[in-house]
Amino acid sequence: MGKRKPVPSAGARGAKSRPKRPKSAKQGAELREENPQLSEHDDEETVDTESRALEAVQHEKKSNGSFQGIVQSDEDDSEDEYDASNGDAPGGTINKGNDCSDETETSCSFHRHVSRIITNEEVKALIKQNSKFRWEMPAVDIPRSKWVGTGETMQEACDDHLHDVKGKLRNHWQHTLSGHLNSRMGFFSLCNSYRDIMHCNKKPFYLKSNGVDSSTMDAYLMHALNHVHRTRDVVIRNDAKLRNDADTEISDDNTYLDQGFTRPKVLFLLPLKSFARRTVKRLIQLSPLQQKNAMGQFKKEFGESDDEMPEHSTKPADFDLLFAGDIDDHFLFGIKLTKKSIKLYSNFYSSDIIVASPLALKRKIDGGEHGKEKDFDFLSSIEIVVVDHADVISMQNWAHLEAVFEHLNHLPSKEHGTNVMRIRPWYLDQHAQYYRQTILLSSYLTPEINALFNGLCFSYEGKIKTVTEYAGVLSKIQLEVRQVYERFDTSSITEADDARFDYFCNKVYPKIQDLDEGGLLLFVSSYFEYIRISNFLKSKEASFCRVGEATSQQDISRSRLWFFEGKKKILLYSERSHFYHRYKIRGTKHLLIYSLPGRKEFYPELVNMLGESENRKCNVLFSRLDLLKFERIVGTSSARRLISSDKSMFVFC
């Protein structure tokens, strides 16, 4: 075997050559961290280590007859062997007109994204400019909205939206989607740019906008399928080359740098099993591959048919649709794509796609059952993360989602059979998080979603997010109610909760305490506020009862009855409880909104609960930092005017 040539550095083109590849991924990353400018002549001990690694690889070649990754290759599956008749096969016939099959074509967004090597200096600049949105463009099909972005201005999409898509996928989508294909292409083009995306005005399927939601879901599923197919095709193409020529030197050709530390490349994070069922079912429909196994197990765990609406429901229609089917929030499984089939429930390290709830994945990260070893290395090479229905996740436990993101793209603790000679350089440089694309989808924006997008999403391609002008929901109030908005002052977001609480204790509660009349519904949006106000009312020996997300059904029934009969003057009610139950609280005469609901639909529902009262009252507390919630309720223009006004009290009728 001839002398190995050094692999080009992860720095800019033309930079110094890197030393020969390390024996392990972790060793390579540590070597880079300690010696960022190390060249092939700088450290004889390193070169000696590399020689030992080369000897081990040579032994592997002699044993296996080829140079391939144990886990990330599909060569163990006979169905993955490419035949010459397949137009998408590596080395087979390339359809130049319809398919960016040549991975060296810079016009292919996948190749352009994964082949560029960013430097440490670019990383530093990226972090500094992470939230500087400099350009905008119209958001087609999203009312009163626009896209704003960082980095280079988004280029106009070409007429052929699928020019980057593999031929077999293109043909299948054109047949499956038919006349609906064009409606998917706008969001697909955004996804295909590999920029981080925050779309927080997505109309969910349960709000009678199934067509719009389906278009968005189809678009990100198409993007994920295209990314997985391209990733697998490159690996299998190189496997075939190395199998045909046993003397090929991997280090001589950068095109063999085609893998991550582990195989999984796409992660779907969803809140409920019913949502996962909907997503996986559509993924299978959009794939040209046949579903091969475990469908019976999937139907058993996630349901066999589309969920039906209750016949005689007294709940709002969106509630019935949202909670139709299995609402379990604990699921985690892998999906493997081979040449001919999709395999569900594959081993995590043999999977291409991971589908999970934040809760289940967080428990997996923590080690699951007591005494089990922590194992989350399968998250080390995730390149696309899709968080759909983030607003529903925010009603569960947002900390679980944050924990998952904090464990993405770490150096693995084990090698998992990976051929380290074929790991992409930006993985060894620990820059994988800057190549990961995150797609956040929600029906509304929260500070938590915003913080996640700004603080944990760093795609070097840039960021895109929606900006919306809201009309408000005051017109949906069916009663003539005098709504008094009281603004309190706060100097910073860290002091906002204390400022709200102090205003309530010193300005609002004394007025409540002096009233003999009951029927006060006190609404709070967070669990922290719920506990804080509950403790305060206890300390004042107030006549109150509670309905929260942790309240038992027996206590809820008792509290509602006491409130309706006037035995308790105050009912403390949380937004999460309303989200999961949508109670109509009878006996409400005075509505006090301590903090505005995140879901704008809840506001008119709460106000309309005053319908049985002749002397209706409604008071709302807000600050300048409540703009995100405030504008969805009163409208963007009104919210900005009230936020900046010198007055502190406003009335809507």
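Buried means under 20% relative accessible area, exposed over 50%, and partly exposed in between, with a 1.4 Å probe and protein chains only. This is a predicted model, where local features need pLDDT of at least 70, side-chain atom pairs count only at pLDDT 80 or more, and totals for chains, interfaces and linings use all residues. Residues are numbered from 1 along each chain as its sequence is written, and side-chain values use heavy atoms, leaving out hydrogens and water.

**Exercise 1.** Work out how many residues of α6 are buried.

Solution. Start with the helix, a DSSP run of H or I with at least four residues, numbered from the N terminus. Helix α6 spans residues 181–192 and has 12 residues. Of these 12, 9 are buried, leaving α6 mostly covered. Among them are Leu 181, Met 185, Phe 187, Phe 188 and Leu 190. The buried set also includes Arg 184 and Asn 192.

**Exercise 2.** Compare the reach of α6 with its expected span.

Solution. The expected span is 1.5 Å times one less than the number of residues. For α6 that expectation is 16 Å, and the helix reaches 15 Å from its first C-alpha to its last, which is close. Just after α6, Tyr 194 takes a positive phi of about 65°.

**Exercise 3.** Find how many disulfides the whole structure has.

Solution. Look for a pair of cysteine sulfur atoms within 2.5 Å. The search finds 0 disulfides.

How values were computed: Helix = DSSP H or I, 4+ residues; strand = E, 2+ residues; numbered from the N terminus.
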